[in-house]
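I am opening this notebook to record what I looked up, one topic per entry. The structure comes before the entries.

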Amino acid sequence: METVCLLALSFVFALCSVTFVFLSAAERRAAAERLRLRKPVRQTMARSLKPLVQRWSSRVFSVELDGAPLYFGVREKLRGGPASPAAFSKLQQEDRCYSLLVCSLDRIRGDRFHWELRDKLLRDLPPGSDVTSMSSFLPEEKGSLLKGYFFKSRADDSLQVEELLGDLEQRDPVLVCSYSRSEDGQQWTQSLRSAENHLLRFYVVPSEAPEHHPSVLNMINSDVFYSLDEASEVLRKCDDIIPETRSVLRMLPSRVDARSRPDFPVIVVEGLDATGKTTLTESLRDALGAALLRSPPQCLSTWRARFDREPPLIRRAFYAAGNYITAEQICQEATRSPVIVDRFWHSTAAYAIATAVTGPVGNLPHEGSEVYCWPSDLLQPSLVVLLTLDPEERKRRLRSRGLMKTDEEQELDHNKLFRLRVEEAYRRIIGPACITVDASPSADLVLQQALLLIRAKCHL
């Protein structure tokens, strides 16, 4: 088992010994020095991989096909007859498959590498490789999720694929598995690379779907943040690669201010784009003599495009920080008048949960899950109004606006399942929960409905 623990890292030595003979004396000395400096890192990673590999056959693997996860497992010994999991059912006899799982010790580096890896695979793999997302996890064990990609290749492309995989193993925190079919076509095997480029084989077997979508295992303070400290910590670790984080961190409030109880009611208006949030929030401001705030706050607008290009961990931390900055602004304004807020934590959480979880609404974390609970250190609004609208009417309004949309907004337009997951996630958030208002009538009627709610709940 000790040999297995070096599986992803030690393969690089075999590659380096082959390429060494083509280098000049100076290049060989430089390469040797690079290998010497990398050795402690490899040893550390090898130690971290040991418990991972020891429980390898206890893991479940998930491949995303047609927008939903398909599951399989691996076993050292095959019990019963051969079986082909659904993830492999559409492959041809000559196809060979590979999976890459990111296993970095540094979650910032790992998340960025995973984010960039897809573009590299799409760019460098032969056409027809059908790159798709995959993951590996221990059922019901939080923090056990590894993310990566799954793809196929033809026999004619094997040299190109092997060169790419060797390069990735040499430089990056990635664990490579290959998959091949038995001669009779009935059984798939998964192979891990060993130190001498031998293959350690496991039988691929069907696996039942877990009780929860695997993304739920790593969702807390990764896809959704539940404390200022956790979001700040991610941003602090990014300041060497994203200098803009320093400016964001300087704007963060103290936790005491963020948790202060406001003197006047705070009303948050939530909903998908083009449901009428801007119209309603401005009308409420005028009707109630209230202050109007938005989340993320205007002070972060300079850096939104920069953080929108980052992987989910960093991007979600940025938007979580925006909620705490907005909370401080709410506390200041609520000493003088009611406060209306255009979006707040509900939007941040609902979109993040719906993005992390794929497939139908049933794959969302169950109602009452801790992922839907309001952060304990974030100011709670007095009332949250959720505007809902018929999907076709919402699309019509979007077309008439003609404004640029974020990736998530574009996904809402063409992915019905994503929209349904977002809407359901909104409804499941508690502490406080959303109160739904139909936004299909005229703007005046929607305003009157909202004012009735506010007067009943907030005694204005």
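Entry on a helix pair. I looked up which residues touch between α6 and α7, and found that S232, L235 and R236 in α6 meet T245, V248 and L249 in α7, where a contact means heavy atoms within 4.5 Å. Helix α6 covers residues 228-236 and helix α7 residues 244-251, and I note a packing angle of about 155 degrees with the axes 9 Å apart. That angle makes α6 roughly antiparallel to α7, since angles under 35 degrees count as roughly parallel, over 145 as roughly antiparallel, 65 to 115 as roughly perpendicular and the rest as oblique. The axes are lines fitted to C-alpha atoms, for helices over the stretch in contact, and the angles run from 0 to 180 degrees between N-to-C directions. I also noted that α6 and α7 cross in the left-handed sense, that is, with the near helix turned anticlockwise from the far one by less than a right angle.

Entry on provenance. This is a predicted model, in which local features need pLDDT of at least 70 and side-chain atom pairs count only at pLDDT 80 or more, while totals for chains, interfaces and linings use all residues. Residues are numbered from 1 along each chain as its sequence is written, and side-chain values use heavy atoms, with hydrogens and water left out.

Entry on confidence. I found an average pLDDT of 85 for the chain, with 83% of the residues scoring at least 70; pLDDT is the predictor's confidence in each residue, from 0 to 100. Over residues 1-24 pLDDT stays under 50, and the model has 42 contacts beyond four places in sequence for them. Residues 33-42 also stay under 50, with 6 such contacts.

Entry on strand β1. Which partners does β1 pair with, and in what sense? I found that β1 pairs with strand β2 (residues 68-75) in the antiparallel sense over 6 bridges, and that 4 bridges join β1 to strand β4 (residues 132-137), also antiparallel; two strands pair if DSSP finds at least two bridges between them. E64 stands opposite P69 in β2, and V60 stands opposite F137 in β4. The hairpin of β1 and β2 leaves 2 residues between the strands, and D66 in this turn has a positive phi of about 55 degrees. Of the 6 residues of β1 (residues 60-65), 5 are buried, so the strand is largely enclosed by the rest of the structure; buried means under 20% relative accessible area (1.4 Å probe, protein chains only).

Entry on the whole chain. I recorded 16 helices and 13 strands, these being DSSP runs numbered from the N terminus (helices H or I, at least four residues; strands E, at least two). Of the 460 residues, 51% count as buried.

Definitions and conventions: Buried < 20%, exposed > 50% of the residue type's maximum accessible area, 1.4 Å probe, protein only.
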